[in-house]
Amino acid sequence: QVQLVESGGGLVQPGGSLRLSCAASGDIFSIETMGWYRQAPGKQRELVAGITSAGTTNYADSVKGRFTIYRGNAKNTVYLQMNSLNPEDTAVYYCNALVEYFRGSPTVNSWGQGTQVTVSS
């Protein structure tokens with residue numbers, strides 16, 4: 001079973017920055033795609049940004065130009081650099097990974113426990 005451990009959330013003022021980190025561990029073969037989702041109170045969980053093993057990225061329109069997703073040098077790590085934060089970015093942010101447990105096995109959608117990001121003055 002894979003474990004996704006997130007860190008880096010917290011309270012920040014509007015216009016500020018935060019960096020979220022996610023490290024995956026466990027007995028797995030590979031991770032094709034990693035990403036970040038968020039869920040604000042009363043709203044559905046939404047994709048924020050994703051990155052494939054080849055480095056292809058995609059972003060929600062609301063964060064383009066402000067957020068950057070990248071994979072770390074350590075295997076199976078992903079980061080989300082968030083700049084110019086505004087109160088609408090307040091949410092619980094979840095790390096996501098599509099995990100291949102064995103070569104050729106179907107990928108399994110896996111989630112971290114979430115980290116709170118609050119943007120407020």
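Mentor: Start with Tyr-37, which has a relative accessibility of 24% and therefore counts as partly exposed, since that class runs between the limits of 20% and 50%. Bear in mind that this is a predicted model. Searching the whole structure gives 2 aromatic pairs. In one of them, the ring centres of Tyr-37 and Trp-111 are 4.9 Å apart and the planes meet at 70 degrees, so the geometry is edge-to-face; the cut-off for that label is over 60 degrees. Tyr-37 belongs to strand E4 and Trp-111 to strand E10 (residues 108-111), so this pair ties together parts 74 residues apart in sequence. Trp-111, at 33% relative accessible area, is likewise partly exposed.

The other pair is Tyr-70 with Tyr-79, which is stacked, with 5.2 Å from centre to centre and 20 degrees between the planes. Here the angle has to be under 30 degrees for the label to apply. Tyr-70 is partly exposed, because its relative accessibility is 29%.

Trp-111 also has a charged neighbour: Arg-45 lies over the face of its ring, 4.6 Å from the ring centre. Arg-45 lies over the face of Tyr-94 as well, in that case at 3.7 Å from the ring centre.

Tyr-79 leads on to the strands. In strand E8, Tyr-79 stands opposite Ser-21, and Ser-21 lies in strand E3. E3 and E8 run antiparallel and are joined by 6 bridges. Ser-21 has a relative accessible area of 16% and is therefore buried. Leaving out residues up to four places away in sequence, Ser-21 touches Val-5, Glu-6, Ser-7, Trp-36, Val-78 and Tyr-79. E3 also pairs with strand E1 (residues 3-7), again in the antiparallel sense, over 5 bridges; within that pairing, Leu-4 has Ala-24 of E3 as its bridge partner.

E3 has a covalent link too. The whole structure contains 1 disulfide, formed by Cys-22 and Cys-95 with their sulfur atoms 2.1 Å apart. It links distant parts of the chain, with Cys-22 in strand E3, Cys-95 in strand E9, and 73 residues separating them. The link is left-handed, at -85 degrees about the S-S bond. Both Cys-22 and Cys-95 are buried.

That leaves the interior. In soluble globular proteins, nonpolar side chains tend to be buried together. The largest nonpolar core in this model has 31 residues, of which Trp-36, Leu-80, Met-82 and Tyr-93 touch the most other members. Strands E3 (18-25), E4 (30-39), E5 (46-52), E7 (67-71), E8 (77-82), E9 (91-100) and E11 (115-119) are the elements that each give two or more residues to this core. E9 supplies the largest share, 5 residues.

How values were computed. Residues numbered from 1 in each chain as written. Predicted model: local features only at pLDDT ≥ 70, side-chain atom pairs only at ≥ 80, totals over all residues. Heavy atoms only, no water. Core = buried A, V, L, I, M, F, W, Y, C linked by side-chain atoms within 4.5 Å. Buried < 20%, exposed > 50% of the residue type's maximum accessible area, 1.4 Å probe, protein only. Helix = DSSP H or I, 4+ residues; strand = E, 2+ residues; numbered from the N terminus. Disulfide = S-S within 2.5 Å. Phe/Tyr/Trp six-rings, centres within 6.5 Å; stacked < 30°, edge-to-face > 60°. Lys NZ or Arg CZ within 6 Å of the ring centre and 35° of its normal. Pairing = 2+ DSSP bridges. Contact = heavy atoms within 4.5 Å.
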